[in-house]
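Colleague: I am new to this structure, and I would like to understand the terms used for it. Could you take me through them, setting each value against its cut-off?

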Amino acid sequence: MQKHSDFVQFTEVTPSAAIDPARHGWRAKCLQRLIRLDLPVPKTVALPCDTVRAIAAGQLPDVDRIASLFGGCLVSIRPSPGEPEWGGPNTVLNVGMNAGKHAEYARDHGLAFADATYLGFVQSYAIHVARLDPDMFVAEPSPEALAAALAAYEAEMDEEFPQSPARQLTEVMRSMARAWEGTTARLLREVKGAPPDAALGLVVQEMAQSFGPALAGAGSIQLVEGVTGAPQVTGRFRGHNPANRKAEETLFLVRDKRGRSLEEAAPKVFAELQDYCRACRTRLREEMLIEFALENGALRVIDAVKVQRSSRAAVRIAVTLAKDEVISRDEAILRVQPQALSELLHYQVDPRAPRDRVTRGIAASPGAASGKLVFSAADAQASAARDERCIMVRRETAPEDIRGMHAAVAVLTERGGITSHAAVIARGLGLPCIVGASDLSIDLREKVVKTRDGRTFREGDVITVDGTSGEVLAGQAEMLEPALDEWFTTLLHWADNVRDIGVRANADTPDDARTARMFEAEGIGLCRTEHMFFDEDRLTVMREMIFADTVKDRKVALDRLLPMQRADFIALFDIMAGLPVCIRLFDPPLHEFLPQDREGMRELAEALDRPLSEVTRRVEALSEFNPMLGLRGVRVGVTVPEIYEMQARAIFEATVEASKRGAAVVPEIMIPLVSAKREVELVKTRVDAVAAAVRTATGAEFTYRLGVMVETPRAALRAGEIAQHAAFLSFGTNDLTQMTYGLSRDDAGRFMGDYVQQGVYPEDPFHVLDEDGVGELLLIGSARGREMRRDVTLSVCGEHGGNPPSIAFCRRSGFDYVSCSPFRVPVARLAAAQFALLDPRDKK
Ligand code: PEP
Ligand code: MG
């Protein structure tokens with residue numbers, strides 16, 4: 001054995017011992033707290049991380065002294081990393097078990113108990129310490145199984161199973177220390193947030209044996225239920241029948257009609273356990289699960305860990321602890337993961353239920369839904385008309401699929417990334433969605449979808465889309481209902497009181513706006529008006545407008561669209577009741593409104609009363625090589641000004657109308673895809689003229705704010721001069737990311753996985769703002785904008801507005817608000833509050 005090292009190698013855990021969580025790990029600290037609460041914790045020794053590091057490097061502590069501290073009792077060895085989430089090597093129980101102890105146990109407690117204890121130890125030592133094949137060590141306890149396990153160990157290791165407790169202790173500690181240093185373990189804990197140099201402490205504890213003539217056994221108890229967070233004594237107890245050592249009996253904890261319970265069998269113990277849980281709750285300020293053993297009728301507390309909890313339980317537990325004044329409100333806000341909130345807004349697959357996973361894609365919009373497979377928007381609508389829940393499967397979606405998305409309960413696409421059309425629309429609708437499920441092969445003609453491992457699903461087959469995990473499941477999964485309960489609402493109100501950046505919603509329709517209000521968004525930060533033109537009755541008029549040969553003909557079509565748009569805006573203004581509403585003028589390429597297939601063109605020819613050949617020619621003429629960089633956004637506004645004029649008129653007339661019966665409306669009008677100051681000047685002149693005309697015609701006074709969407713790199717660079725004409729600058733980080741990287745938002749999903757895996761990008765930049773590149777453009781744009789116009793309002797309305805790290809960036813950069821899909825508003829509210837609490841000096 002090598003020389004002992006000089007530093008303090010281990011410390012007995014007593015109420016006054018110097019146990020430091022940073023050195024000894026969370027478990028050692030937690031056990032000390034339990035000891036300070038006078039809980040009956042067996043003797044425990046903590047090895048700090050420097051000792052464990054030394055062990056991994058081959059330098060051993062004084063193992064004989066550690067062993068002697070336990071006076072010949074068996075011990076357990078448990079990992080004690082900095083945080084419970086970081087995991088660690090497996091616990092090894094009953095270290096010190098050997099032939100002598102086996103004989104002693106057989107004499108005092110029966111052979112069956114002795115065999116079970118020894119075999120259990122040999123198995124775990126062989127697997128976790130000697131690293132032998134687990135298949136060789138799986139037998140149920142019996143004298144033969146024990147003999148076979150010892151023989152197998154000897155045959156594999158060329159030595160007898162170690163009998164010396166000190167040697168066993170040494171080897172267990174060494175294997176745990178080395179396992180922690182391994183690459184796999186390191187990667188696993190880094191995923192859980194551990195730093196690369198995270199260290200491990202170890203805890204050696206006298207084994208509390210579950211034997212004795214009185215009721216004996218081991219179990220766990222907690223006072224809240226882990227899925228809902230409701231108060232409920234939960235746990236298990238495996239008792240040994242004193243009359244028959246072989247028989248094990250599982251008891252309910254609480255009185256139960258179905259069988260014996262600990263509450264009846266040992267009422268005093270049961271009451272004591274609840275007291276312990278309550279003591280942990282108030283003194284450790286957390287709902288804890290206590291692991292205990294009943295040894296000869298005496299209760300021993302072996303360990304305590306934070307109660308495992310679902311997202312909804314996490315919210316309820318945090319709020320309840322704060323209401324009971326166990327923790328502060330700020331702490332409750334900090335204890336809930338913002339992303340976890342989005343799970344509460346939707347149906348979820350019950351984590352306790354079985355899952356038959358078919359494939360996995362990108363989790364694009366959270367929540368889960370089950371329904372029958374359909375392969376087109378038309379079939380989705382037909383299905384909805386029959387009141388059948390359906391899941392729409394497409395290679396990727398296009399604007400014409402929107403009606404299908406409205407009719408479906410979930411969407412699944414083979415292609416696309418996190419900001420592809422399907423993903424953006426689904427998030428807006430709160431519809432579970434998986435995109436980029438590239439393992440699927442979809443045959444739209446045959447209406448079948450095949451998986452890589454040969455499973456086939458046909459139209460009408462039921463599947464479940466779990467948009468939270470990205471998993472597609474066969475059949476109908478068991479679901480948990482959304483939980484917009486009092487705890488959720490309370491937590492978010494507390495969050496609103498501390499956050500210092502605004503949160504608005506991207507909302508295009510009255511339904512979206514209602515959702516935005518339900519989630520208490522502070523207004524609409526982006527209303528994408530083009531979505532309003534996809535309704536069947538409007539699409540035809542829209543197409544007539546696009547096909548118009550003369551300004552006069554175009555005006556005729558636009559005059560028909562005007563009242564529809566006006567009604568859209570009145571509805572939004574009414575719902576938002578005086579909160580700001582930012583309306584983006586028409587953005588997409590015109591050809592997106594044209595039919596894509598021959599059938600559609602024939603229908604259009606009929607509607608327009610024109611020859612099919614002419615329709616085909618016009619559609620071809622309007623098609624572009626690169627539509628996302630072509631005639632779209634403000635470029636349509638400059639070249640076909642009547643469209644923006646009609647929209648401006650609709651907005652102003654709706655403003656007058658809505659202000660008459662409700663709170664005064666100050667609309668915000670936003671110009672998309674700007675790249676030059678002159679574009680803004682041209683549009684502004686026309687919009688101002690329309691405002692003047694509406695004022696004259698109606699005799700009503702109103703004001704409005706005109707702003708610019710900064711979504712081209714040039715607009716960010718020229719933000720100074722652009723801000724001369726803009727009351728606000730809203731950064732459209734979807735397009736800005738696309739153009740900064742030169743990366744198509746609709747195609748990037750195909751290789752984004754590879755790129756992130758190989759570390760080319762740290763994250764999908766459409767999902768998490770690229771602070772280095774796109775972020776620099778945001779900083780340049782905002783600084784130049786503010787320099788020109790100190791009161792210019794700054795915001796982000798791309799998908800990043802709902803992503804916590806991106807919200808932190810916006811807040812640090814002095815932005816006024818973020819705007820995101822309605823269903824991400826609660827996440828943004830909580831994340832923003834957490835950043836304000838964690839970084840209070842950074843206030844604007
Ligand atoms: C953007 O580009 O960031 C944006 C919000 O607009 P859209 O997603 O509609 O292009
Ligand atoms: Mg855009």
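Predicted model: local features only at pLDDT ≥ 70, side-chain atom pairs only at ≥ 80, totals over all residues.

Colleague: What makes helix H31 largely enclosed by the rest of the structure?

Modeller: Helix H31 covers residues 804-812, and seven of its nine residues are buried, so the helix is largely enclosed by the rest of the structure. Those buried residues are Pro804, Ser806, Ile807, Ala808, Phe809, Cys810 and Arg811. Just after the helix, Gly814 has a positive phi of about 80 degrees.

Colleague: Which side chain makes a polar contact with the side chain of Arg811?

Modeller: The partner is the side chain of Asp500, at 2.6 Å, and a polar contact requires a pair of N or O atoms within 3.5 Å. Asp500 itself is found in the loop between helix H17 (486-498) and strand E24 (502-506).

Colleague: Why is Asp500 called buried?

Modeller: Buried means under 20% relative accessible area, and because the value for Asp500 is 17%, this residue counts as buried.

Colleague: How do you know whether Glu396 is buried, exposed or partly exposed?

Modeller: The class called partly exposed lies between the limit of under 20% for buried and that of over 50% for exposed, and Glu396, with a relative accessible area of 33%, therefore counts as partly exposed. Glu396 is placed in the loop between strand E15 (390-394) and helix H15 (402-407). Leaving aside neighbours within four places in sequence, Glu396 is in contact with Asp401, Thr413, Arg415 and Asp746. With the side chain of Arg415, the side chain of Glu396 makes a polar contact at 3.5 Å.

Colleague: What is said to coordinate the magnesium ion (ligand 2), and at what distances?

Modeller: The magnesium ion is coordinated by Glu711 through OE and by Asp735 through OD, at 2.1 to 2.2 Å, where donors must be within 2.8 Å of the metal. Glu711 lies in the loop between strand E28 (705-710) and helix H26 (713-717), while Asp735 belongs to helix H28 (residues 733-741), so the pair ties together parts that are 24 residues apart in sequence.

Colleague: Why do Glu711 and Asp735 count as buried?

Modeller: The limit is under 20%; Glu711 counts as buried because its relative accessibility is 2%, and Asp735 counts as buried because its value is 3%.

Colleague: What makes Ser730 count as buried?

Modeller: Its relative accessibility is 0%, and therefore Ser730 counts as buried. Ser730 lies in strand E29 (residues 728-731), and, apart from neighbours within four places in sequence, this residue is in contact with Met670, Val708, Met709, Val710, Ser795, Val796 and Cys797.

Colleague: How many residues does the protein have, and what share of them counts as buried?

Modeller: The protein has 844 residues, of which 56% count as buried, and it contains 32 helices and 31 strands. Of the contacts in the protein with a separation of 6 or more, 67% are accounted for by residues 24 or more positions apart. The C-alpha trace spans about 105 × 60 × 55 Å along its principal axes.

Technical notes. Residues numbered from 1 in each chain as written. Chains lettered and ligands numbered in written order. Heavy atoms only, no water. Donors = N, O, S within 2.8 Å, 3.2 Å for Na, K, Ca; no water. Helix = DSSP H or I, 4+ residues; strand = E, 2+ residues; numbered from the N terminus. Buried < 20%, exposed > 50% of the residue type's maximum accessible area, 1.4 Å probe, protein only. Contact = heavy atoms within 4.5 Å. Polar contact = N/O pair within 3.5 Å; in protein donor to acceptor, adjacent residues only side chain to side chain.
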